[in-house]
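Please look over the sequence and the model shown here before reading on.

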Number of protein chains: 2
Amino acid sequence: MTAIRAHGSYDAHDITLSEAITGRRSVRNFDPDTHITRDELVGMLDEASRAPSSVNMQPWRFLVVESDEARKKLLPLMRLNKRQTRDASDLIVVFGDLECYRKAERIYGQAAQRGIIPTLMAKAQLAAIVPAYRKFTRDKMTRVVHIDSSLMAMQLMLVAREHGYDTNPIGGFDEDRIAETFGIDPNRYVPVIIIAIGKARKPGHESYRLPANELIWWNDVNALESGTEEQQEKGRLS
Amino acid sequence: MTAIRAHGSYDAHDITLSEAITGRRSVRNFDPDTHITRDELVGMLDEASRAPSSVNMQPWRFLVVESDEARKKLLPLMRLNKRQTRDASDLIVVFGDLECYRKAERIYGQAAQRGIIPTLMAKAQLAAIVPAYRKFTRDKMTRVVHIDSSLMAMQLMLVAREHGYDTNPIGGFDEDRIAETFGIDPNRYVPVIIIAIGKARKPGHESYRLPANELIWWNDVNALESGTEEQQEKGRLS
């Protein structure tokens, strides 16, 4: 940590990408007394939202659970992770907007206004993209918003490190009820992942990763399977 | 860029997280003469694989398209992005393994062997996780592997920057035929995203992002919708 970058009313410390990636741990024990200002949280979400998305449609939407009342609503929907729900500074429920193309005109219009793309090109792209997106099946669009929202979520977890915070990505919650519980239209918004964020009271532990070279097919398929079976043998619990 | 980190036989330059995030662009025009060694590519995949995944199951699998023959197979499956398919150093087709729980014993066994978690805890976690994972519907598991693989893919795009490379995330390809075209079992592996990687011949262009504060519900749902409609008006193409 060398330089300090100013972001509105708060400071973020520059860390290397490598530090952010290798230093990130899933933290389950947060300091309940740490409060993150809305200004700082929005700053982190803005940086995370630099993530790419399919045709730049940015389908991520955020339900930020910070009040005691909202936590009480969320708690019974969590399969585990009850402690994080109480103690994390915020729980960011990331939803994917299945009607994200409703913002296409705004996105492409702003890009044109700012001179990023010529207006004619913006119009041509809109004319191609929006009808194609409208035709997606619910299943297809669900997959697209899962991918895009997860790209953003990964950046959010790294950006949190830059701000001195830790995170816990949570997938175990009642997907079928979370939208309606918070008055969100479940036909339009699908929940993807919850990111708990705050200051660690106890550090997260290291975790093991499979070597990538065992997970690769180089131009053909045979390499992976053979390596895999052999390696499974070696790693079996005794 | 200050320090240089040695990774096997190649060098990665330290960059700040902020540089990696704000400097990343989707590049569509790659230098066809740039070759990335398998050693360096595996190093990048290993760093990207530090991403978290649901119960650490690491469902990401990689089909690395590098040979001319493999590119020829891939080309007709690409909706657009034909040039990247020819010119990028590699195209990494990220698949999600719907039977990722087959590696659970290896993952938890290795974690126990390395003293990361006690052996008894590893056994208890395995006994809880594997049966639960086996019970997932195909739809549910598809969503899980999409999330986890996308978290990894985002880190891969950032890590590429550390190595002086650029990327292009590609979602427009023939999802129904890509596994079989390469002899991969389509019942077990679902394609998630393709990451083209190489050296940019022409830099990617900037792109517009919606301000995060317009995409947030603070504990309740009403804030987002109102802001959205108003903002859509402002951004409409004339």
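Predicted model: local features only at pLDDT ≥ 70, side-chain atom pairs only at ≥ 80, totals over all residues.

Residues are numbered from 1 along each chain as its sequence is written, and chains are lettered from A in the order in which they are written.

Chain A holds nine helices and nine strands, where helices (H or I, at least four residues) and strands (E, at least two) are DSSP runs numbered from the N terminus. Of the 238 residues in chain A, 47% are buried, that is, they have 20 or more other C-beta atoms within 10 Å of their own, with C-beta atoms placed from the backbone.

Five strands form an open sheet of mixed pairing, in the order β6(A)-β7(A)-β5(A)-β4(A)-β9(B); strands pair if DSSP finds at least two bridges between them. Because β6 of chain A and β9 of chain B each have a single partner strand, they stand at the edges, with one side of each left without a neighbour in the sheet.

| Strand | Residues |
|---|---|
| β6 of chain A | 166-170 |
| β9 of chain B | 216-218 |

Strands β4 (residues 60-65) and β5 (residues 90-97) of chain A pair in the antiparallel sense over six bridges, and A:Arg61 has A:Phe95 in β5(A) as its bridge partner. Helix α7 (residues 138-162) of chain A packs on the sheet and touches β4, β5, β6 and β7 of chain A, a contact being two C-beta atoms, placed from the backbone, within 7 Å.

How values were computed: Buried ≥ 20, exposed ≤ 12 C-beta atoms within 10 Å, placed from the backbone. Axes fitted to C-alpha atoms, helices over the stretch in contact; angles between N-to-C directions.
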